[in-house]
Structure formats: structure tokens, C-alpha cells
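The sequence and the structure come first, and the description follows.

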Amino acid sequence: MLNSTFQPWTPQLVRDEIDALKHKPGALLPILHAIQDRCGYVPREAVPIIAESLQLTRAEVHGVISFYHHFRSVPPGRHVLQICRAEACQARGARMLESYARETLGIDYHQTTADREITLEPVYCLGNCACGPSVRIGDRIHGRVTPEKLDLLVDEMTTQVLEVS
């Protein structure tokens, strides 16, 4: 299941983003960001469309996507859990939190749980250094995250509200 805030990718959606941004200097990065912002990822099928439009090779486009950890080439889970790996958070226990998250979720960075609920990603500063270790879920930043607090956050992400009629 794709996050409901994202749109399904189509060749036309990709062309629309290219047309809106292709005249900017260094247009490739803004185009990739725009596509990922709308779809949640940059589909592999979009690479030839982008390459042709910008007169680049497919390898050049793929190289940029694979170089930057921010870009995904597969749809994310319903929730994206980012753990800060910057030095301040590491000094406050982020490495232990990373290990705990990997073990608890049964996935590594850039992977999604089997139920498609949670994608785990590293991030390299959330600007919440005094309150590390920090995580971001969607647009919300949480500080002083302990394994117990992470368990509560994961429970919130995976709990479905059922309406009884």
C-alpha cells in the first residue's frame, strides 16, 4: 500500500515535473525531488523519460539517484521512520537506537517491513541536537528517543483504528 499522501506514478506525471523544471540550471536534482515528493519514490520506469528529456544517459540519471541516499527507487512503506545519524545524536545513543530499531523491525536501512507499514531510513541531522537521539516520522520530529519510546512510536504507526458498526 502506498502512503495516501503520494500519487501513483504515471509517465505524464513525470513529464509534467520535467516540463515545469527542465529550464532550471542543474534541473536533474529538482526534477528528481519533485517526482519523489509527489510519488514517494523515483520509479525505475521514469529514468528513461528523464534521461531523454534532459539529453542525459540513463546511467547518468541512475547514478544520481543511487548516489544520494535521499532518493528511493521503490515505494516506501505507509510510514517512513528516519533515525538521525549525526554526531550529536550518536553521542547521545543513536547507534544503540539504530541497532534496536533494526532488530525490532527486522529490517535494515532502506528497507520496508513485510507488512509495508514502516520504511527505515538514516538521516544526517534533524536540527534537534540537544534532544538526541532524534527520529522523524513523516513531518514530526521526536527527541530523546529510547527503545521504550521507539516501541510506543512503532505501536502508533502500526495500530489501525477499526470502526465497529
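Is T113 buried or exposed? T113 is buried, with a relative accessible area of 11%; buried means under 20% relative accessible area and exposed over 50%, with partly exposed in between (1.4 Å probe, protein chains only).

This is a predicted model, in which local features need pLDDT of at least 70 and side-chain atom pairs count only at pLDDT 80 or more, while totals for chains, interfaces and linings use all residues. Residues are numbered from 1 along each chain as its sequence is written, and side-chain values use heavy atoms, with hydrogens and water left out.

**Around T113**

The loop between β2 (111–112) and β3 (118–123) holds T113. Helices (H or I, at least four residues) and strands (E, at least two) are DSSP runs, numbered from the N terminus. Apart from neighbours within four places in sequence, T113 is in contact with L105, I107 and I118, where contact means heavy atoms within 4.5 Å.

**Strand β3**

Of the 6 residues of β3, 6 are buried. One side carries I118, L120 and P122, the other T119, E121 and V123, and all are buried. In a regular strand the side chains alternate between the two faces of the sheet.

| Strands | Bridges | Direction |
|---|---|---|
| β1 (residues 79–84) and β3 | 6 bridges | parallel |
| β2 and β3 | 2 bridges | antiparallel |

L81 stands opposite L120 in β3, and T112 has T119 of β3 as its bridge partner.

**Helix α3**

Helix α3 (residues 46–54) has A46, V47, I49, I50, A51 and L54 buried. The cover over these buried residues includes α1 (11–21), α2 (28–39) and α4 (58–67). After α3 comes Q55, with a positive phi near 55°.

How do two packed helices get described? The angle between their axes and the distance between the axes are used. For α3 and α4 the angle is about 115° and the axes are 8 Å apart. Axes are lines fitted to C-alpha atoms, for helices over the stretch in contact, and angles run from 0 to 180 degrees between N-to-C directions. V47, P48, I50 and A51 of α3 make the contact with R58, V61, H62 and I65 of α4. These residues divide into 6 nonpolar, 1 polar and 1 charged; Ala, Val, Leu, Ile, Met, Phe, Trp, Tyr, Cys and Pro count as nonpolar, Asp, Glu, Lys and Arg as charged, and the others, Gly among them, as polar.

Methods: Two strands pair if DSSP finds at least two bridges between them.
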